Each structure stands twice: as structure tokens, then as C-alpha cells.
Amino acid sequence: MNLPDQLICDDLSTTGGVTEWIRKVRRHLHAHPELSFKEEETSHTVKQLLEHLGLTPRRVATYGLVADISGEVEAPFIALRADLDALPIEEDTGLPFASKRKGVMHACGHDGHASMLLGAAALLMNDLKRGIKLPLPVRLIFQPAEETGGGAEAMVRDGVLDGVAAIFGGHIDRAYPVGTMVVHDGCVNASCDLLEIKLTGKACHAARPHEGIDAVVMASELVVQLQHIVSRFVDPAEPAVVTIGKLQAGSAYNIVANSATLTGTIRAIKLETRDAIRRQIEKLAQAVSSACGGSAHVAFHDSVPPIVNSSSLYATAQTAATMSLDQLNFHKGKVIPLPRANLGGEDFAVYLQHVPGFFVRYGAGFEGLPFYSAHSSKWDFNEECLIIGSTYLANIAKQAGLLPHLTTAN
């Protein structure tokens, strides 16, 4: 499959040229979304675009990509990461470049993240062409399967962090206006666990409920009890969430259900809080099921730890963010700390289990337009944020490469 003509740009030597190019790239990726670990076409397109920039990408973790940009020394690397996958959502934005794939949509900005990183690659390659060498080599990481989890772990298993001193990334966020960058010293994303509780009762005729053990009643009582965990077992100063998003039970209106399955999520900004919540869920599930005469099995899947930014990189991230807004003449732009706890999960946290790193947020709101949350069918973002993200990623790669404690890493 050849690269679409509109994505081939002969002049990427200026910021304006890069800005226009990544806007086109974003719109192409948005129109052709793919689900987690199915990003075949997306990966192929990004690979061709990296080659268009003069780089030599290699595949990892099936549909992930890695490309290295040389520096003054061979190692260690400064890594920059973006994600590629979309969500199982039917798009309802009405955009001229809306998804062409039924039931699949970029509703979390990964089309923008990939475009930002491609833009950063173009800016860094421009420096090389001008004879400006990077202090440390840069590794571009395009990751599959962030939404379902598992993508970052697969990339790490395939060695993308080998020789890496630090990793940087960010997320588009409509909660902030364009020109605002959230640079925070501390936790910026919560831990995320998929919770599954299977309850077992005993089926019987609905007219004779005393002959059975009603799994629907069991599940209903447990859902109510779970709501008390955060309000009564977690320190009010510690943000946390326990949400049951799905309850499946029963086969017919006149049969007492013999089983029920509750599926939900746990979010916390401290691992100690997450572990305490897990223990309390187990206790409640066993207590409620036992009181009803049934049994319970509790499982936690696809766990992702919280993102806790490395304090040693905070000042450098602030500098790179401020520098980027100044270079782009965003006079109303500002760099702010995270104003409130963010309980969204992000598997960028997996990389931070292995190397230092820093994760920011790029303001992408539309002034005067209705707000739509990420993961909704009407979600879109202000494309003016794209060049901000590209410029920041290029700057943080250069600034981090000057840090003494990173230049001697590995």
C-alpha cells in the first residue's frame, strides 16, 4: 500500500510546513482507526511516514514501531512515546474526516499523539540537516494497544527500553485551552484495574424463590455495598474510584438466576490505596455471597500502576514546555501544575517501572463549543495543539539530553 499523496510533503524545513503536514496526517489516521493489537494499516502508514523523513523504523510487539535518531554519542537514548490504537465507538462528530470504519473511532486523541511524535521527528531531523547534533540519540516509540492495556508491556518485552535513560510522553486534553500545558511533579494518572466478580447461586422457578439462591439479589446487594468502600474505607484526602459498569445475570424472566457477573474498574493514585481497596472488595464479595447462601470469585485483570512523574525531570519538562510556547508565539499560553487529581489510567506507567520519565497534558479545548469527554462518540480536539506537542517533544529530547544524570545512565 502506497503512502497517500496528501501525506507526502516536499518541504518540512519550516514550522509552518510541519504544522500543515501533521494536521493532514492526523486527519488521515482519524479516518482509518484500528482497535488495539489490530493496528496493521496504522502501523504501515506511520512506518512509511518515518521512512519519508529519512529514518529506518523497525517493527516490535507486532504493530509497534521504533525509530532511532542519532546523537553526538551512541547511547544512552532519550525515548519519546506515542500510542496508535482507537476505540470500539461509532463516531458521531460529523467531521469531514470522520471514521470510515463502522464502530471504530479515535476518541482519545491517539491519532493526535502519533501525529505529534511524527512532527517532533521532522523537527529533530531538520536540526540534523542544519548540522545541529542531538546531545543524546533519540528513540521514537509508537505503541499499539494502550486502550486495552498490554501494549506497553509488549514493547518493553521486545526491548524498546534497552539503552534508554529516560522516556517522555503526553496526552491531549480538552479540559484545558490550547496553549496550556500541564506539567506536574507527582502523580498525573491513576492506577487502573479491571475488576471481575463471579457470583454463584442456585436456579429455581421464579414463583418459588425459596428453593433457590438468587444471584440477582446477591449482585444487587454487592453493588450497593461496594459503593461504601471509597466513602468509608479510603482516606477522604486520597482520590479513588470503584465503579461497576456491567452486570450480567439471568436467562429468563421467570427463572431465579443461578449466576451473575459484575465487571468494573478500580482507580487510585497510590498503590497502597489500590491494594486496600482490592482487599475490601474481596471481603465484601465473600461476606455478601455467604450471607445469601452463594459463593463468589473475585479477579483483577489488566492492572496498570499510576503514573508518577520523576521529580528529577520536572524542571527540565517545565523549561521545555515554556520554551515551546514561546517559540510558537502562544502569548496566552501557560504551563500549570495538575489542578485536580486525574483518575484516568495510562499504560505509560509501565515504562516508568523501568526508567525515569515524565508525562504531560496538552490543552486542546474549543472555546465556546460544548464539552465532550474523551471516549465519547462526539469527541474531537483542537488541532492547534498538534504543533505544540511536536515542539515540546523535540525540545524535551534536546533538553533532557543535556542532563548530567542521564548522559551517564546505562
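## Basis of the description

Helices (H or I, at least four residues) and strands (E, at least two) are DSSP runs, numbered from the N terminus. This is a predicted model, in which local features need pLDDT of at least 70 and side-chain atom pairs count only at pLDDT 80 or more, while totals for chains, interfaces and linings use all residues. Residues are numbered from 1 along each chain as its sequence is written, and side-chain values use heavy atoms, with hydrogens and water left out.

## Overall fold

The chain has 11 helices and 16 strands. Its C-alpha trace spans about 80 × 45 × 45 Å along the principal axes.

## The eight-stranded sheet

An open sheet of 8 strands runs in the order S1-S2-S4-S3-S5-S16-S6-S15, with mixed pairing (two strands pair if DSSP finds at least two bridges between them). Strand S1 (58-60) and strand S15 (334-336) form the edges; each has a single partner strand, so one side of each is left without a neighbour in the sheet. On average, neighbouring strands of this sheet are turned by 25 degrees against each other, direction ignored. S1 pairs with strand S2 (residues 64-69) in the antiparallel sense over 3 bridges, and Val60 stands opposite Gly64 in S2.

H3 packs on the sheet (contact means heavy atoms within 4.5 Å), touching S2, S3, strand S4 (138-143), strand S5 (164-177) and strand S16 (357-365). The direction of H3 makes about 145 degrees with that of S3; axes are lines fitted to C-alpha atoms, for helices over the stretch in contact, and angles run from 0 to 180 degrees between N-to-C directions. Helix H8 (residues 314-327) also packs on the sheet, where H8 touches strand S6 (180-182), S15 and S16, and its direction makes about 160 degrees with that of S15.

On a 1 Å grid over the protein atoms alone, a cavity is a set of points where a 1.4 Å probe fits but cannot get out, and a pocket is an open set with protein on both sides within 12 Å along at least five of seven lines; lining residues have an atom within 4 Å of a point. Grid points are joined across faces, edges and corners, and a volume is the space filled by probe spheres set on the points.

There is 1 cavity of 30 Å³ or more, and the largest cavity holds about 40 Å³ of space. Its lining consists of Arg81, Ala82, His113, Met116, Gly170, Tyr362 and Leu393. Strand S3 (77-83) and helix H3 (110-129) each supply at least two residues of this lining.

## The largest pocket

The largest pocket holds about 1100 Å³ of space. Among the 45 residues that line the pocket, Glu147, Arg267, Gly344, Gly345 and His375 are the closest to its centre. S5 gives the most to this lining, with 6 residues.
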